[in-house]
Amino acid sequence: MHSGQNDVAERQVVVVGAGNAGLCAGIAALQAGATSVSVLEAAPKELRGGNSSLTRTMRFSWQGSPFIAALLREADKDRVEEILDGRSGYSDEQYAADWLRVCGDQVDVALIESIVRRSTETITWMRDFGQRWAPRPTPLPGDVPIVLDGGGQSLQDRNFARFEQLGGTVFYDSAVTGFEKTADGRYLVHGSGPAFPVIADALVLASAGFEANTGLRERHLGEEWRDVKLRGVPFNEGAPLAAAVEFGADTAGNWEKCHTTPQGIELPDYMLPGQMHKSHGLARYAFPLGVVVNREGRRFFDEDGGYSNLTYVTLGQKIQEQPGRIAFQIFDDKVVSAGSLPNGYLGDPASVTVSSIEEGARRLGIDAANLAAEIERLHSGSTEKRLDTPPFLFVPVVCGLTFTYGGLSVSPGAEVRGGGEPIDGLYAAGVIVGGLYDQGYPGGTGLMAGAVLGRAAGTSAARHSIRSRGGEARVGTVAG
Ligand SMILES: Cc1cc2nc3c(=O)[nH]c(=O)nc-3n(C[C@H](O)[C@H](O)[C@H](O)COP(=O)(O)OP(=O)(O)OC[C@H]3O[C@@H](n4cnc5c(N)ncnc54)[C@H](O)[C@@H]3O)c2cc1C
C-alpha cells in the first residue's frame, strides 16, 4: 500500500532487524491479524541471518520426556530417553535461579522471571510454526540436552520461510538510521536502501546491540574493547538503539559490560552468516575439564565454579584482562582419551600436544616456573583435579565478543518505556533490550528472551495497528 504523493510505503507493522527476535515478532504480528508486515534488514540477502544464524541452543523450562520428544526431529523421537539420560525436567524455578545466580545485580528481575515463565509455551509456539530440535553432540555437564536441528542457520531459514509464507516482506540492504512520530501518531522510519521512506502504525526494534560499533564500544565498554574480535556479524552497529534513546526511550542494564566467551585464536575479526560450523568449532567451553592459565603461568579463574554454560562468559571477560589478552586451557590424557572434548579442540592448529607441562609452557611462551608451581599447588589443594597423565594438550584461547548488555527498558509485554511509561506503538525484542544481564550469562537465554519478547512485541504491534485502524485483532492468545 503506498500513499501516492510522496511514495511513502505505509505498513501496519515494521520490524527493524531480521534476527530471531525480529522474525519471531514478524511471524507473531501476521498471526495476530496484521496483513502488511515488513522487516527491514541492514545486511544484503546473501548475508542475512544476524547473530541468530550462528547459534545453537535455546534454554527453556520443561517437564517430562514427551515434551522433549515433541520437539525432536522425526529421526530422534524414539531416542528421547537415551538423550535425556535420566533427566526429567527443568522447572521455572530452576531456570530463574540459574539465570539470577549468574547474571549480576543490575537486571530487571520481573522481566527475567516473566521470560522464564513464558519459555515453555514459546518453545511450543516455535515448534508449531516449524522449528525442530536434535540431540546435542558431545554434551558437557549441565548442557541443555537438545539443540536446534541444523543450528542457528536452520533456525533462521525456518523463521524466514514461515514469515514469508504468512505474507511478510523482508527488505534487505535497508539499514535504519532513525525514526520519528508523525502528527497522526505513526512512525516515519529513516534509513538508506530500498525500504525507505516507510511509515508504520507500530514499530518493533530488534536490531541487537552495539557490539559491532568500534566507537560505541570504546565509549561504553572502555578503550580495551576497541579492537576486540567479534564472534558475530559486523552489522550490529547500534544505530536503531541510539535512535530510540534520542527519541526518548529509557535505557536499562549495564552499558559497560558485554557477553564474551573463550574462543580459539583462529577467530577472525568478525563472523558472517553461513559460517556457523566454523563458529561452533571455535568455541572453547570445556575448561571445567582442565586448567586455565595466563601467559605468566598463573590461574586467574575458578574452572570448577559451575557448569561451563553458566561461567563461560566470566572466563571470556577475564581473558580480556590478562597479559597479551590470551589464556591457555590445559588438559591431560585422561580427558583427551575419554573423548570428552568437543571436536573443535582436537583440530585446533594453534594447540600443541606435549609430553610434559614444561615443554607446553616453552612452546607457547608461558612462564614455565610459575606454571609448574601453579600445578603443584593444584595437586596439593582440596580439588580432585589432576594434570598428571601425559601427553598434555595446551589450547591457546582469546576473548570473543558476542553482544553488549546495555539496551532499552521494556515491559514484559515488550513495550519500550519512555519516562517510565510505555511509548505508544513502540516495541523492542532481542539483544536491543537491556536489563537481562549485568555480569554473567546463562547459555541459551539470549535466543529464548528474543523469542518470548519478539512474540509479545509482534502480537501487541499488530493489535495496536488494528485498533488504531478501528478494527479488532483476530487472535485471542496474548503473548505478553
Ligand atoms: C557465535 C554466536 C553464537 C551464539 N550462540 C547462542 C546460542 O547458542 N544460544 C543463544 O541463546 N544465544 C546465542 N548467541 C547470542 C545470540 O546471538 C542472541 O541470543 C540472539 O541471536 C540475538 O538475536 P537478535 O535477533 O536480537 O540479534 P541478531 O540475530 O544479531 O539480529 C539482529 C539483526 O539486525 C540487523 N541490523 C542491525 N542493525 C540494523 C539496522 N540499523 N537496520 C536494520 N537492520 C539492522 C542485523 O543485520 C541482524 O540481522 C550467540 C551469538 C553468537 C555471535
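The model is predicted, and local features need pLDDT of at least 70, side-chain atom pairs count only at pLDDT 80 or more, and totals for chains, interfaces and linings use all residues. Residues are numbered from 1 along each chain as its sequence is written. Helices (H or I, at least four residues) and strands (E, at least two) are DSSP runs, numbered from the N terminus.

The protein chain is assigned domain 1 (2–257 + 405–468) and domain 2 (259–401); such bounds come from an automatic or database domain assignment. The C-alpha centres of domain 1 and domain 2 are 31 Å apart. Between them, 32 residues of domain 1 are in contact with 29 residues of domain 2, where contact requires C-beta atoms, placed from the backbone, within 7 Å. On the side of domain 1 that touches domain 2, at least two residues each come from helix 4 (92–102), helix 7 (151–165) and strand 12 (229–230). Helix 7 has the largest share of that side, 3 residues. By class, the side of domain 1 that touches domain 2 comprises 14 nonpolar, 10 polar and 8 charged residues. In this scheme, Ala, Val, Leu, Ile, Met, Phe, Trp, Tyr, Cys and Pro are nonpolar, Asp, Glu, Lys and Arg are charged, and the others, Gly among them, are polar.

Helix 7 also contains F163. This residue is buried, with 27 other C-beta atoms within 10 Å. A residue counts as buried if 20 or more other C-beta atoms lie within 10 Å of its own, as exposed if 12 or fewer do, and as partly exposed in between, with C-beta atoms placed from the backbone. Leaving aside residues up to four places away in sequence, F163 touches L23, G26, I27 and G168. F163 and V39 are 124 residues apart in sequence, and their C-alpha atoms are 9.6 Å apart in space.

The shell around the ligand holds 42 residues, of which G17, G19, G50, G430 and G446 come nearest; a residue is near a molecule if its C-beta atom, placed from the backbone, lies within 6 Å of it. At least two residues of the shell are supplied by each of helix 1 (20–31), strand 9 (175–181), helix 9 (239–247), strand 18 and helix 16 (445–468). Helix 16 gives the most, with 4 residues. The shell divides into 19 nonpolar, 19 polar and 4 charged residues.

Strand 18 (residues 392–404) pairs with strand 14 in the antiparallel sense over 7 bridges; pairing requires at least two DSSP bridges between two strands. Within this pair, H259 stands opposite F403 in strand 18. Strand 14 (residues 258–264) is mostly covered, as 7 of its 7 residues are buried.

Strand 14 also packs against the buried residues of helix 8. In helix 8 (residues 214–221), these are L216, R217, H220 and L221. They lie on the same side of helix 8, because they cover an arc of only 105° around the axis; the arc is that of the directions from the helix axis to the C-beta atoms. G222, with a positive phi near 115°, follows helix 8.

In helix 14 (residues 357–364), the buried residues include I357, G360 and A361. Their arc around the axis is only 100°, so they are on the same side of helix 14. The cover over the buried residues of helix 14 includes strand 16 (327–331), strand 17 (352–354), helix 15 (368–380) and strand 18. Helix 14 is followed by G365, which has a positive phi, near 75°.

Note on methods
Two residues are in contact if their C-beta atoms, placed from the backbone, lie within 7 Å.
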